[in-house]
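Please look over the notes below on aromatic contacts.

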Amino acid sequence: MKPPMSVEALSEFGRIRLSDSFFMRDVLFSDIAAIHGLSNVPDDPDLAIAAGTKLCTELLEPLQDVFGRIAIRSAYRSSEVNGFGNQMQRENKKGYNCGSNESNHAAHIWDRRDADGNMGATACIIVPAFYDAFHEEGDWQKLAWWIHDHLPYSKLYFFPKYWAFNIQWRENPERKINSYTRPSGQLTAPGKPNFEGSHEAEWAPLKDVFPKA
């Protein structure tokens with residue numbers, strides 16, 4: 001598929017269905033692109049569709065099925081948009097939180113494979129019902145451990161505001177969970193003592209609120 005270069009073509013591209021609930025249009029909005037007039041459209045639409053389909057079908061849909069509506073904060077970024085955001089971040093401009101393009105290949109930049117040739121895709125999402133139910137306890141880790149035990153994620157990275165988190169699907173997943181919200185740092189990763197086995201004791205309270213958990 002050629003990159004969409006007209007309003008008509010982009011409209012049709014946005015109608016591509018990535019999973020039962022999510023369409024390509026849902027993942028294309030970018031604050032940076034909107035403010036600066038940049039294009040947030042894939043150079044390789046076929047790779048973006050393939051990676052996004054995996055992200056949506058294997059991670060976002062199962063989460064939404066159990067915990068209710070997911071809000072997408074940021075998902076696909078073009079190389080142009082991410083590169084500009086990273087430049088602004090390096091200049092200490094407020095509101096820009098983009099890593100380098102190389103670190104975002106097979107992450108927010110869906111239409112580039114990473115250095116090892118892996119396909120992947122990342123979205124930053126909020127699970128409103130989970131936040132509403134548990135934020136007073138301050139324990140975002142319940143959801144992190146549930147995802148760890150149930151879904152084929154590659155990386156999770158949690159943030160303070162509404163416990164938004166990056167969730168990545170990637171070929172050859174890394175299975176790492178990190179956080180900028182308290183307690184910050186790395187929750188788990190391969191080789192850590194808490195990585196293997198069931199963590200139901202950590203996420204069992206979810207079942208009181210979400211019967212499908």
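1. Basis. The model is predicted: local features need pLDDT of at least 70, side-chain atom pairs count only at pLDDT 80 or more, and totals for chains, interfaces and linings use all residues. Residues are numbered from 1 along each chain as its sequence is written, and side-chain values use heavy atoms, with hydrogens and water left out.

2. Aromatic pairs. The whole structure holds 13 aromatic pairs. Rings of Phe, Tyr and Trp (its six-membered ring) pair if their centres lie within 6.5 Å; planes under 30 degrees apart are stacked, over 60 edge-to-face, and the rest tilted.

3. Tyr157 and Tyr180. This pair is stacked, because the ring centres are 4.8 Å apart and the planes are at 20°. Tyr157 belongs to strand 3 (residues 155-158) and Tyr180 to the loop between strand 5 (176-179) and strand 6 (185-188), so the pair ties together parts 23 residues apart in sequence. Strands (E, at least two residues) are DSSP runs, numbered from the N terminus.

4. Phe159 and Tyr180. Tyr180 also pairs with Phe159: the centres are 5.7 Å apart and the planes at 20°, so this pair is stacked. Phe159 sits in the loop between strand 3 and strand 4 (165-170), 21 residues from Tyr180.

5. Accessibility. Tyr180 is exposed at 54% relative accessible area, while Tyr157 is partly exposed at 29% and Phe159 partly exposed at 23%. Exposed means over 50%, buried under 20%, and partly exposed in between (1.4 Å probe, protein chains only).

6. Cluster. Phe130, Tyr131, Phe134, Tyr162 and Trp163 make up one aromatic cluster.

Note on methods:
Helices (H or I, at least four residues) and strands (E, at least two) are DSSP runs, numbered from the N terminus.
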